[in-house]
Amino acid sequence: MIGIDEEAPSVALVTHDGQVIDLGAPGQHLVVFFIEDAASVRSANTAGDFNDWLSGFRQLGVQVVGVGIDRPAMIGTFASSYDLRYPLVSDVDRTVCLAFGVVGTRRGRPRPATFMIDRSGLVKRVFPDVSPYGHAKDVLAEAEALWGGY
């Protein structure tokens, strides 16, 4: 798993709504979190938790991005089913998961993890093996401490 003060992998992501985000040079602060499976309750809770706290991230100028290994159509359905207001990315070939070092042993699914990346592309915080409940609030508190003044 990549660590603090390492460069985020330079991977260009195309989100479910057509945005392109380069994790290695984002130009803005990012919170990137990985979900196991778009059909799981755990993933729905994690995604919903970030949705609930999204206005706080936006006030800090932080872009939230979710990554899952399901097909793009499934990721899009997941996003619309839960009315998510931030982009999700399909990583079917696991390029992003492998680059971040989050591929787990359970059928190659990503371990739930969250990374905070500054606007220059450096990883500033890593949350490995996160709980789906209350995690986004903890990440928001870290974002406020790191980037409260932009």
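**Entry 1: the S6-S7 pair.** I started with S6 and S7, which pair in the antiparallel sense over five bridges. The model I am reading is a predicted one. I looked up Phe115 and found that its bridge partner in S7 is Val126. Five residues lie between S6 and S7, and the two strands form a hairpin. In the turn I noted Gly121, whose phi is positive, at about 100 degrees.

Entry 2: I then followed S6 (residues 113-117) to strand S3 (residues 29-34). These two run antiparallel and are joined by four bridges. For Val31 I found the bridge partner Met116 in S6.

**Entry 3: the whole sheet.** In what order do the strands of the open sheet stand? I read the order as S5-S4-S3-S6-S7, five strands with mixed pairing. Strand S5 (88-90) and strand S7 (123-128) each have a single partner strand, so they stand at the edges and one side of each is left without a neighbour in the sheet.

Entry 4: Helix H3 (residues 72-81) does, touching strand S4 (62-68) and S5. The direction of H3 makes about 160 degrees with that of S5. Helix H5 (residues 135-147) packs on the sheet too, touching S3, S4, S6 and S7. The direction of H5 makes about 15 degrees with that of S6.

**Entry 5: helix H1.** I turned to H1 (residues 41-52), a helix of twelve residues. From its first C-alpha to its last, H1 reaches 16 Å, close to the 16 Å expected at 1.5 Å a residue. Which residues of H1 are buried? I listed Ser43, Ala44, Thr46, Ala47, Asp49, Phe50 and Asn51. I found that the buried residues of H1 pack against S3, helix H2 (54-59), S4, H3, S6 and H5.

**Entry 6: the cores.** The largest nonpolar core has 26 residues. I noted the members that touch the most others: Val31, Phe50, Phe57, Val64, Phe78 and Tyr86. S3, H1, H2, S4, H3 and H5 each supply at least two residues of this core. H5 gives the largest share, five residues. Last, I recorded a second, separate core of 21 residues, including Val11, Ile21, Val65 and Val123.

Methods. Residues numbered from 1 in each chain as written. Predicted model: local features only at pLDDT ≥ 70, side-chain atom pairs only at ≥ 80, totals over all residues. Heavy atoms only, no water. Pairing = 2+ DSSP bridges. Contact = heavy atoms within 4.5 Å. Axes fitted to C-alpha atoms, helices over the stretch in contact; angles between N-to-C directions. Expected span 1.5 Å × (residues − 1). Buried < 20%, exposed > 50% of the residue type's maximum accessible area, 1.4 Å probe, protein only. Core = buried A, V, L, I, M, F, W, Y, C linked by side-chain atoms within 4.5 Å.
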